[in-house]
Amino acid sequence: MLQWLAEFHASFPAFNVFRYITFRTGGAVMTALLFVFLFGPGMISTLRLKQGKGQPIRTDGPQSHLLTKKGTPTMGGLMILSGIVVATLLWANLSNPYVWVVLLVTLGFGLIGFYDDYLKVTKQTHNGLSGKARLGIEAVIAGVAVVIIMTVGKPGLSTSVAFPFFKDLLLNLGTFFAIFGLFVIVAAGNAVNLTDGLDGLAIVPVMIAAGSFGFIAYLAGNVVFADYLQIHYVAGVGELAVICGALMGAGLGFLWFNAPPAQVFMGDTGSLALGGLLGTVAVATKHEIVLAVIGGLFVLEAVSVIVQVVSFKLTGKRVFKMAPIHHHFEQLGWTEPQVVIRFWIVAVVLALAGLATLKLR
């Protein structure tokens, strides 16, 4: 909404700053951060009152979690999503279709996660929404988003997969791109969901990835910078930097309350939504493969679960002491802060590696 003030820059020169994506991204960061700071305590109190016993803790997980995490409320993702939506509506250009596509996936996945959390809390069980039903609904939402992206994007480019390190290599999948894009978004949502198992473990890598993709979106949406870096120019995606900034601000505010020992968990409400947001931005900016690098930590977490399940079903043996892999390191004797901070370091290194692909062409 504030972006509309740029239309009056001729009469009020100071309003010219609202034309700049960088300024509005900064505004979105601060708005989301302040929103979560101001309303977070009240939301946590309400969640604690409504949930009573809080999120059920896995009895087959690390035994220390039964003592330290019992009674902690979940659905803290509502704090993050509220901050993102408010900041986006205030600072983003609402005539941009990419903004609405990303919000569609974010809120759609958030609703799925909210219902899953609701079932778990009310029934005090780990069995929420069935896996098949959840994946099916996610696929529908992601499919609609990808079709819109294919429609509003440049013909040929919007249905192609771009490869890092190669400036001209494009694989045009045609209508099959809808399946590829759907997979990227759904996989990203569930990978972040699997990573959210320790206090602060998921939100910081998500913010790192959001900052990286905000930068990528800004460059890919600017014809001059895209040409200089020899990446594919996608008109309009620069506006997604504002949403990524809102995520960073809301994530910082949430981390204040999620830092060990956590006052609230983000739950599936937050993790599914944030993963879906990152996946959608990656598809829109034509950096789907780079997402696997920048979000390599999420990929590792998801792969560890897949390997563990497949190995146990085929051989009856487990590859890891416990999956996802962050629990494996806990079983090896790492303390929770050690796991979290070391995984943050890995996320930073992977983000730098992913951003390096912008110049290495």
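## A loop between two strands

Let's start with Phe 165, which sits in the loop between strand S1 (160-162) and strand S2 (170-172). Strands here are DSSP runs of E with at least two residues, helices are runs of H or I with at least four, and both are numbered from the N terminus. The phi angle of Phe 165 is near 80°, a positive value in a residue other than glycine. Its relative accessibility is 43%, so Phe 165 counts as partly exposed. That label covers the range between buried (under 20% relative accessible area) and exposed (over 50%), using a 1.4 Å probe and protein chains only.

Before going on, a word about the numbers: this is a predicted model, where local features need pLDDT of at least 70 and side-chain atom pairs count only at pLDDT 80 or more, while totals for chains, interfaces and linings use all residues. Residues are numbered from 1 along each chain as its sequence is written, and side-chain values use heavy atoms, with hydrogens and water left out.

## The whole protein

Zoom out and you'll find 14 helices and two strands. The radius of gyration is 20 Å, close to the 21 Å that the globule rule gives for 361 residues, so the protein is as compact as a globular protein of that length. (The radius is taken over C-alpha atoms, and the rule is 2.2 Å times the number of residues to the power 0.38.) Along its principal axes, the C-alpha trace spans about 60 × 45 × 35 Å.

Buried residues make up 53% of the 361. The protein exposes about 16,000 Å², with carbon and sulfur atoms supplying 71% of that area; such areas come from the Shrake-Rupley method with a 1.4 Å probe, and for residues only the protein chains shown count as cover. Now look at contacts, meaning heavy atoms within 4.5 Å. Of those with a separation of 6 or more, 75% are between residues 24 or more positions apart.

Which helix holds Glu 138? Glu 138 is in helix H5 (residues 131-152), and at 0% relative accessibility it counts as buried. The side chain of Glu 138 makes a polar contact with the side chain of Asn 190, at 2.8 Å. A polar contact is a pair of N or O atoms within 3.5 Å; within protein, one must be able to donate a hydrogen and the other to accept it, and residues adjacent in sequence count only if both atoms are side-chain atoms. Leaving aside neighbours within four places in sequence, Glu 138 also touches residues including Phe 109, Ile 112 and Leu 272.

Gly 136 is in helix H5 too, but it counts as partly exposed, at 34% relative accessibility. Its C-alpha atom is separated by 40 Å from that of Arg 19, 117 residues away along the chain.

Leu 355 belongs to helix H14 (residues 336-356). Leu 355 and Ser 212 are 143 residues apart in sequence, yet 7.0 Å apart in space, C-alpha to C-alpha. Beyond its neighbours within four places, Leu 355 is in contact with Ser 212, Phe 215 and Ile 216.

## More loops to look at

Two loops contain cis peptide bonds. One joins Pro 260 and Pro 261, with omega about -10°; Pro 261 is in the loop between helix H9 (240-258) and helix H10 (267-285). Another joins Ala 323 and Pro 324, with omega about 0°.

Finally, Met 75 lies between helix H2 (63-68) and helix H3 (77-91), in the loop. Its phi is near 65°, positive in a residue other than glycine, and Met 75 is buried, with a relative accessible area of 7%.
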